[in-house]
Structures are given as C-alpha cells and as structure tokens.
Amino acid sequence: MKSTMQANQLGLALLLRHACRVNGRSRIVSVTADGLRVEQTFADLAQRAGRLAHALDQRGFPTGTVVGTLAGASREHLEAYLGVPASGRILHTINVRLHADQQAYIAEHANDEVIMLDSQNLETFASFAHRLPKLRLVVTVGPRTPSAAPLMPCETIDYETLIADGVPRIDWPDIDENEAAIICFTGGTTGLPKGVAYSHRSIWLQAMSICTANSVGLSSNDCLLPAVPLYHVNGWGLPFAALMAGCDLILPGASMQPSALIALIKAEAPTIAAGVPTIWSDVLAEMRTRGMSGLGRLKSVSCGGAQVPQRLVDDYAALGIRMVQAWGMTETSSMSAIAQTPAWASSADDRRRCASAQGRVVCGLEVRVSDLDGATLPADGVAVGEIQIRGPWVTQSYLDVEERNHLQDGWLRTGDLGTVDADGFICLTDRLKDAIKSGGEWIPSLALENAIRTHPSVLDAAVIAVADERWQERPAAIVVLKPDETANASELRAHLLGRVAKWWIPERWAFIDAIPRTSVGKIDKKRIRQIAGASMAWTLDAPAACAAR
Ligand code: AMP
C-alpha cells in the first residue's frame with residue numbers, strides 16, 4: 001500500500017524559504033577580506049541569494065550550469081551556497097589551497113561555466129582560466145586593485161554589481177531532490193582529485209542529522225562558529241544545519257588564524273564551534289601565550305577531519321569546553337560518526353572507550369568492518385578491518401569515473417582501518433589509502449612522489465606520512481638518487497617550490513639505495529613505514545611549522 005503522505009521534494013529552495021520566513025531574524029556575521037565585520041539576517045541572505053539567481057537567469061545561464069567558487073567562508077559564498085542550487089544550478093567549491101594545476105584540473109572536470117572568487121585569488125585563477133573551455137563569466141568578491149585584475153578570457157564582473165542587476169527571486173523552481181546541488185572534489189585516495197556530487201536530498205538529510213543532539217545539536221538558542229573552509233565537504237554541512245535550526249552563524253572569512261578566531265569568539269560569543277584539530281590546538285597555544293583562561297560562552301567544539309589527540313580533549317575540558325570527536329569523509333558528507341558519551345557509559349572504562357573512539361555512527365548511516373577478502377567481520381570492537389559505510393548521504397560513485405573499486409556490495413569502502421563495536425562506536429587504527437592528512441587536508445602521496453621524480457638527479461621516490469604534533473601528519477620523502485648524483489634535501493625542496501602547493505613540501509628526507517617494492521612492483525609503503533620507524537636516517541630540512549596553512 002502506498003502511503004498517504006505528500007511527496008514534496010527536499011530541495012534547498014525549501015530550506016531557504018524556511019530560513020527566511022521562520023528564522024528570518026537569525027544573524028550571519030562574516031568577516032571580509034579587509035577584516036571588516038558584516039552582519040546580515042537570514043532574511044537578507046535569502047534576498048541576496050535570490051538576486052544572485054536572478055542575475056544568472058538574466059545572463060542566460062540555464063538550469064544545470066556549474067558555478068565554481070574559489071572563496072573563503074564569506075557571506076557572498078554562503079549566498080552562492082543557496083542561490084545557485086536553489087535555482088537548479090550546481091555549485092562547485094574549489095579548494096583555494098591547492099596548486100593552480102590541480103585547481104585547473106578540478107574546474108575543467110566539473111565543467112565550470114561561471115567562477116566566483118575572492119579578489120585575492122584572481123591572479124592564480126588568471127594563470128589557468130584559459131584552460132577552462134566552458135568558462136563564460138568571472139565574478140569577483142571584494143576590492144580589486146587594477147594591477148591585480150589581469151586579462152580574463154571572458155567577462156569579469158564584481159559580485160555586488162552583478163547582484164544589483166537582479167531582483168530577489170521568490171519563485172524558486174521545483175527541483176527533483178535527487179538532482180546534484182553541490183560538487184566537491186576529494187584528493188584523498190589517489191593522485192587525481194575525484195568529484196562527489198551531493199544532492200538536495202542528501203544535503204537536507206545530513207543537515208537534519210547535524211541538528212540532532214546526538215550529533216552537533218543545534219537550536220535557535222545557539223551561535224555557531226564553523227572554523228571550516230566552505231570548500232571542505234560543504235563546510236561539513238554546518239551552514240545548512242544552521243539555516244535549518246535558526247542559530248546565529250559566524251563565518252570567519254578567509255583567515256582561520258588563531259588570533260582571528262579568538263577575536264571572533266570574544267566579539268561574537270559563539271556557543272558551539274567546529275574545526276580540525278590543528279586549528280583548535282593553535283587556538284589553545286595562542287590562549288596560553290596571552291594567558292587567557294576561557295572562551296566565553298563556548299560550550300562545545302566538534303572536532304574531526306583527523307585524529308583528535310586525547311590531550312587536546314582534556315585541555316579543552318579543563319576550560320569547561322566539551323571537545324567532541326567526529327569522523328567522516330567527503331564521500332559521506334562529513335560528520336558520520338560523533339563521539340558523544342551516552343548516559344549508560346557511567347563507568348570510567350566506558351567513558352574512556354567512548355572518548356577514545358572516532359565516534360558513534362549517526363542514525364541513517366550504517367557501518368561494518370570487512371577483511372581484505374571482502375568477508376564481514378564481527379562488530380565486536382576487536383576485529384580490525386576496513387570500515388565500510390552506506391546510507392542516503394553516502395556517495396555511490398565519483399563524477400565521470402567508471403570503476404567501482406570503492407564499493408563492495410553497495411557499501412562504500414572508506415580506506416580507513418579500524419573496529420566497530422556493538423554500540424556503533426568506530427575506532428580507527430590505520431589507513432589503507434595512500435595519502436597524508438596534514439592539518440585536516442590531503443596531500444596525495446602519488447602526486448608528490450611524481451613531482452619529486454621530475455628532479456633530474458632522482459631515480460625513485462616514495463612518500464609516507466609521519467606523525468606530527470601540530471599537523472597530525474606530515475609527508476616524509478624517501479629518495480633514491482641516480483648513480484653519482486648528489487642532490488640534497490634543500491635542492492629537492494627548492495625543486496618542488498612552484499610545482500606543488502608549498503604546504504605539501506616535506507621537511508623530512510631520507511636517501512636510500514632502493515625503494516622497497518611488493519611482488520607486483522608497487523611501492524611497499526608498509527615496509528617503508530617499518531623501516532622509517534626503526535632505522536631511517538632523516539634529514540630535517542625545515543621546521544614543520546613552515547607548512548603554512
Ligand atoms: P576528507 O574526505 O578530506 O574529509 O577526509 C576523510 C578522511 O579523513 C577519513 O577517511 C579519515 O581517513 C580521515 N579522518 C576524518 N576524521 C577523522 C578522525 N576523527 N580521526 C582520524 N581520521 C579522520
């Protein structure tokens with residue numbers, strides 16, 4: 001029997017209407033590129049998002065047009081988050097910290113026709129704009145100096161001028177909830193970035209999940225500070241959850257520096273924050289330098305994207321702030337497991353187990369552990385295997401990628417190794433995928449190895465992750481030089497400058513006679529990690545702090 005329920009679609013226009021009509025008085029505070037504070041209401045957001053959509057209509061950009069962004073966590077970016085998908089177009093957020101070559105690859109593969117960018121990213125963008133065959137319009141946000149306005153292969157217009165042409169749109173089209181709304185690329189598992197397209201429905205469901213108390217738990221009494229770039233998994237879905245809950249939202253702009261975040265926390269008094277461990281350990285260090293003993297009304301921080309050190313959790317607890325670990329991936333729309341402690345965890349042992357886990361899977365998603373032959377292992381908190389996950393906000397494929405190695409019987413293979421226990425807690429022990437997660441962002445080891453091999457003295461190279469107190473992980477390079485060649489770490493670092501993003505360049509280098517390989521000729525990272533732990537003679541060529549965020 002069919003249900004009697006209405007089949008209204010879960011579209012982002014519906015979310016925007018709710019945000020504007022019911023939560024219209026909630027505030028968004030954002031920081032401009034010049035460090036200025038701008039405040040607007042959710043109702044203002046809806047107006048300006050409507051103007052943006054209308055301006056794109058007027059310029060003839062049809063449904064399905066892909067609008068790329070190279071922008072910080074600004075109000076304009078948020079307006080595009082809503083105005084672009086609610087009007088049936090697709091937003092594509094590009095990581096501003098990638099090297100121009102990777103940004104070009106990503107923008108080309110997503111078929112970006114419009115690019116909206118912060119003015120400070122204009123010059124970098126100009127270096128590859130000609131590589132985008134479909135590009136028709138560039139929209140700049142923030143003041144642009146004439147010298148920083150290089151020639152573009154198409155029309156370039158200032159964002160405020162563009163939306164001044166539009167009238168606020170109220171007649172948002174009906175869109176199938178399974179249509180793509182936002183595209184995000186991940187470089188997590190291979191050298192080449194792969195695109196994940198979130199649907200209106202997946203964004204809705206994930207935002208509802210975030211609002212529940214077992215997850216981040218947001219309400220109209222809260223003020224949320226996501227110290228999360230908007231290009232990273234839709235800002236972990238937090239902006240959408242804030243619009244749903246009607247909580248005030250603070251957008252830190254382009255800078256996530258600890259001093260800027262502390263200033264925002266002092267001025268705007270958020271109750272809940274989020275971000276990767278590096279950001280929150282830097283905030284703590286800055287507080288200590290200044291002799292600060294608290295962060296005002298801040299009561300909890302959802303922290304994830306990388307292993308959250310227990311010491312960080314303890315240090316924040318001493319300030320009266322609950323740091324809650326979260327685990328997720330670009331492919332799972334971010335926060336898929338959250339380490340909230342349930343009431344039954346009354347013993348010290350139980351509490352320790354809950355606190356040390358990556359988190360407990362949220363309702364709507366299912367996880368299992370699988371061995372490398374594909375057999376499901378018991379969820380007993382002991383059997384270690386690959387964590388696999390499925391659910392309505394987990395991707396089933398990558399954009400324009402045929403192979404299906406990432407799936408096993410419809411479950412997404414996460415590439416993370418660990419256990420799942422009978423209460424749904426996930427504990428990670430290692431990673432199958434061959435990449436480095438530094439400060440919450442990926443450094444694909446394959447791409448870095450290839451860049452090192454372009455040096456004329458290098459015969460072979462391998463890159464592994466090594467633990468780092470500040471960045472959680474940093475890349476370390478193991479190099480085999482050609483006979484009679486003498487290149488050293490400084491030379492190889494200099495060679496990488498300009499070839500890869502600066503923060504990818506390893507500080508630790510080791511020179512050996514041959515890279516260990518498996519029987520099928522693949523670099524044996526497991527063996528290299530063993531040797532690295534036991535006997536590798538590293539040259540440290542620059543302090544890890546040089547890995548600029
Ligand atoms: P991304 O797609 O950039 O969000 O990266 C997702 C990956 O980051 C996961 O598959 C994990 O390898 C890693 N990750 C995310 N959260 C955590 C966490 N709490 N602890 C350890 N690793 C994490």
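I took angles under 35 degrees as roughly parallel, over 145 as roughly antiparallel, 65 to 115 as roughly perpendicular and the rest as oblique. I opened a predicted model, in which local features need pLDDT of at least 70 and side-chain atom pairs count only at pLDDT 80 or more, while totals for chains, interfaces and linings use all residues. Residues are numbered from 1 along each chain as its sequence is written, and side-chain values use heavy atoms, with hydrogens and water left out.

**Entry 1: α1 and α3**

I began with two helices; helices (H or I, at least four residues) and strands (E, at least two) are DSSP runs, numbered from the N terminus. Axes are lines fitted to C-alpha atoms, for helices over the stretch in contact, and angles run from 0 to 180 degrees between N-to-C directions. Helix α1 (residues 12-21) and helix α3 (residues 75-86) have axes that come within 8 Å and cross at roughly 130°. That angle is why I noted α1 and α3 as oblique to each other. The crossing in which α1 passes α3 is left-handed (the near helix is turned anticlockwise from the far one by less than a right angle; clockwise would be right-handed). On the α1 side I found L12, A13 and L16 making the contact, and on the α3 side Y81, L82, P85 and A86 (contact means heavy atoms within 4.5 Å). I sorted these contact residues into seven nonpolar, no polar and no charged. For that, Ala, Val, Leu, Ile, Met, Phe, Trp, Tyr, Cys and Pro count as nonpolar, Asp, Glu, Lys and Arg as charged, and the others, Gly among them, as polar.

**Entry 2: the sheet of seven strands**

Next I traced an open sheet of seven strands, with the order β7-β6-β5-β3-β4-β8-β9 and mixed pairing (two strands pair if DSSP finds at least two bridges between them). At the edges stand β7 (155-158) and β9 (194-199), each with a single partner strand, so one side of each has no neighbour in the sheet. On average, neighbouring strands here are turned by 25° against each other, direction ignored.

I then followed strand β3 (residues 66-70) to its partners. With β4, β3 pairs in the parallel sense over four bridges, and T69 stands opposite T93 in β4. With strand β5 (residues 112-118), β3 also pairs in the parallel sense, over five bridges, and V66 stands opposite D112.

I stopped at D118, which is found in strand β5. D118 is buried, with a relative accessible area of 8%. Leaving aside residues up to four places away in sequence, D118 touches L70, A71, G72 and V141. L70 is 48 residues from D118 along the chain, and their C-alpha atoms are separated by 6.5 Å.

**Entry 3: α10 and α11**

Back to helices for a second pair. Helix α10 (residues 258-268) and helix α11 (residues 277-290) pack at an angle of about 80°, with their axes 9 Å apart. I therefore put α10 and α11 down as roughly perpendicular to each other. From α10 come P258, S259, L261, I262, I265 and K266, which meet I279, W280, D282, V283, E286, M287 and R290 in α11. The residues of this contact divide into eight nonpolar, one polar and four charged.

**Entry 4: D416**

I looked up D416 in strand β21 (residues 411-420). Buried or exposed, how does D416 sit? D416 is buried, with a relative accessible area of 6%. Not counting residues up to four places away in sequence, D416 touches W327, G385, E386, I387, L428, D430, R431 and K433.

**Entry 5: the sheet of four strands**

My last stop was an open sheet of four strands in the order β25-β26-β27-β28, with mixed pairing. Its edge strands are β25 (458-468) and β28 (539-540), and each pairs on one side only. Strand β27 (residues 508-511) and β28 run antiparallel and are joined by two bridges; the bridge partner of W509 in β28 is T539. Helix α15 (residues 489-496) lies across β25, β26 (472-481), β27 and β28, and runs at about 120° to β27.

In β25 I picked out L459, which is exposed, with a relative accessible area of 51%. L459 touches V480, L481 and K482, residues up to four places away in sequence not being counted. I also noted that L459 and P483 are 24 residues apart in sequence and 8.6 Å apart in space, C-alpha to C-alpha.

Key: Buried < 20%, exposed > 50% of the residue type's maximum accessible area, 1.4 Å probe, protein only.
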